[in-house]
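Subject: Structure for you to look at

Hello,

Here is the structure I said I would pass on. Please open it first, then read the notes below.

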Amino acid sequence: MEEMELLQEEILELLENRKFAALGKILKEMEPADVAYIMDELPEEDLPVVFRILPKELAADTFAELDGDVQELLVTSFSDKELRAVMDEMFVDDAVDMIEEMPANVVARILKNTDPETRKVINTILQYPEDSAGSIMTVEYVFLRKDITVSDAFKRIRQVGIDKETIYNCYVTENRKLIGIVTVKDMLLAAEECLVEEIMDDHVIFVDAYEDKELVAEQFRKYGLMAMPVVDKEQRLVGIVTFDDAMDVLQEENTEDIEMMAAVTPTDKPYLKTGVFETWKKRILWLALLLLSATFTSSILRFFEESLAAQSALIMFIPMIMGTGGNAGGQSSVTIIRGLSLNEITMKDIWRIMWKEFRVSILCGVTLSIVTFAKVLLFDRLSLLVAAVVSLTIFATLILAKLVGCILPMLAKKIGFDPAVMASPFITTIVDALSMLIYFEIAKWILQM
C-alpha cells in the first residue's frame with residue numbers, strides 16, 4: 001500500500017510537469033486494477049488525461065475496474081469515438097455492471113455507441129433479476145460441437161478465443177443445449193484426431209439463469225470452479241459465470257452481512273465516497289428502532305424502582321449483567337449466522353445446535369458465576385445473599401442469551417429474513433430486557449424484596 005502511495009505521488013508530479021511520455025511508460029507496465037486504484041484517488045480534472053494516455057486494451061480493462069462515479073465522469077468526458085472504442089474492448093458482463101450504476105441519460109449514450117449485437121446481449125442480461133445468475137453472467141465463452149476433432153477444436157479456439165473472457169473451459173453443445181465440458185488441458189493431452197465427445201465430461205455442474213447469485217458463488221467455493229455454465233429452462237447454454245464475478249458476489253454479500261450485523265442499512269458505495277446525509281439515512285432508522293425497543297428495559301427498571309431503592313447495592317451490577325448477556329448472545333448469533341451463510345448448518349439442525357449451545361452456556365455460566373460470586377464477596381464486600389443473587393443471575397442470563405443468540409438467526413432464515421438482521425444489536429436489546437426480569441425475580445426470591 002505504501003508503494004502504491006509513492007507511485008501515486010510520482011504520477012501526480014509527472015502530471016503537474018506535463019511529462020506524458022514518462023507517465024505512459026509507467027502506466028503501461030501496471031496491472032489494470034492498480035491503475036484503477038490510482039485513478040480513483042486522482043483529482044477529477046486529471047482523470048481524462050490519464051485515461052487517454054493508456055494503451056487501448058489496458059484502458060478498457062482499467063475502465064472495468066474503476067469506481068462507478070469515476071466511470072460516469074469519464075463517459076461524460078469521452079467523445080463518441082472514444083466511448084465506442086472502450087465499449088468494443090470491454091467484456092459484456094463488465095459493461096452490464098457499469099450500465100447498472102449509470103443514470104438513464106448516460107446509459108442511453110453508452111448503448112448508442114455500442115454495436116447492435118452487443119447492445120442486444122446487454123439488454124438481454126439487464127432483463128434478468130438483479131440477484132440472479134443471469135445478471136452476472138457473460139456470453140463470451142467458447143462452445144464446441146461434439147463431433148469435431150481436437151485439432152479442429154484448437155483451430156476454433158484460435159479463431160474466436162481472442163474475444164472470450166476465458167478459453168480454458170470449453171462448453172460442448174448440441175442444438176444450443178449443454179451436453180458436456182472439455183478443458184484445454186484435456187485436449188492438449190489427447191491425440192489431435194480424437195473427437196471432442198470422447199474426452200468431454202458429460203457430468204457438468206451448471207446453474208439456472210434465475211438462480212440466486214449468492215448460491216451460485218457458494219457453488220464456486222464448494223466445487224473449486226473457475227467458471228460455471230448458465231442455462232435456461234430448456235437446458236440451453238446462455239452464458240457462463242466466471243470466478244472473478246463470483247468472488248465479487250461473495251464480497252458484496254459478506255459486506256452486507258457485516259453492515260446488517262452492526263445495524264446499518266447496506267450500501268454499495270465505499271465509506272469515503274458515501275455522503276454524510278446518506279450515511280445518516282442508513283443508520284438512523286436502525287438506531288431509532290433499537291432505541292424504542294430498549295424502552296422495555298427502562299420499563300422493567302421503573303417497575304422495580306421501589307425494590308431497587310430498598311436494595312440499592314443491586315444497581316451497581318446492572319451494567320455488568322446486561323453487558324455479559326449481550327456479549328454471550330452476540331457470540332452465539334455471529335457463529336450461527338456464519339454457519340448459515342456457509343451452508344454448514346440448516347434449520348433441521350436447530351435441536352442439535354440448541355443442545356450444544358445449552359451445554360456451552362452451562363460451562364460458561366458456572367465459570368462466570370463462580371468468578372462473580374468471589375468478586376462480590378471479596379472485592380465489593382457485600383453480603384452472601386447479594387453475591388448469590390448476582391452470580392445466579394449471571395448463570396441464568398448466560399443460558400438464556402446463548403439460546404436466544406442461536407435461535408433468532410435461524411428463525412429469521414426460516415421466515416425468509418436475512419439472519420444477519422438478528423445479530424448483536426437486536427440480540428443485546430432482547431437479552432437486556434430478559435436479564436433484568438431474571439435479575440429482579442431472583443432478587444425477590446432470595447432477598448424477599
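Is Glu 44 buried or exposed? Glu 44 has a relative accessible area of 54%, and the cut-off for exposed is over 50%, so Glu 44 counts as exposed. Keep in mind that this is a predicted model.

Glu 44 lies in the loop between α3 (32–40) and α4 (47–53). It is also one of the residues in a patch of negative charge on the surface.

Arg 18 sits in the loop between α1 (2–16) and α2 (20–28), and it counts as exposed because its relative accessibility is 52%. Arg 381 belongs to the loop between α20 (350–378) and α21 (384–414). Its relative accessibility is 69%, so Arg 381 counts as exposed.

Now the protein as a whole. It contains 22 helices and 6 strands. It has 449 residues, and 46% of them count as buried. The accessible surface comes to about 24500 Å², and carbon and sulfur atoms account for 58% of that surface. Among contacts between residues at least 6 apart in sequence, 68% join residues at least 24 apart.

Regards

Conventions:
Residues numbered from 1 in each chain as written. Predicted model: local features only at pLDDT ≥ 70, side-chain atom pairs only at ≥ 80, totals over all residues. Heavy atoms only, no water. Helix = DSSP H or I, 4+ residues; strand = E, 2+ residues; numbered from the N terminus. Buried < 20%, exposed > 50% of the residue type's maximum accessible area, 1.4 Å probe, protein only. Patch = residues over 30% accessible without salt bridge, like charges linked within 9 Å, V, L, I, M, F, W, Y side chains within 5 Å. Areas by Shrake-Rupley, 256 points an atom, 1.4 Å probe, with all protein chains shown as cover. Salt bridge = Lys/Arg side-chain N within 4 Å of Asp/Glu carboxyl O. Lys, Arg positive; Asp, Glu negative; His and termini not counted. Charge placed at Lys NZ, Arg CZ, Asp CG, Glu CD. Contact = heavy atoms within 4.5 Å.
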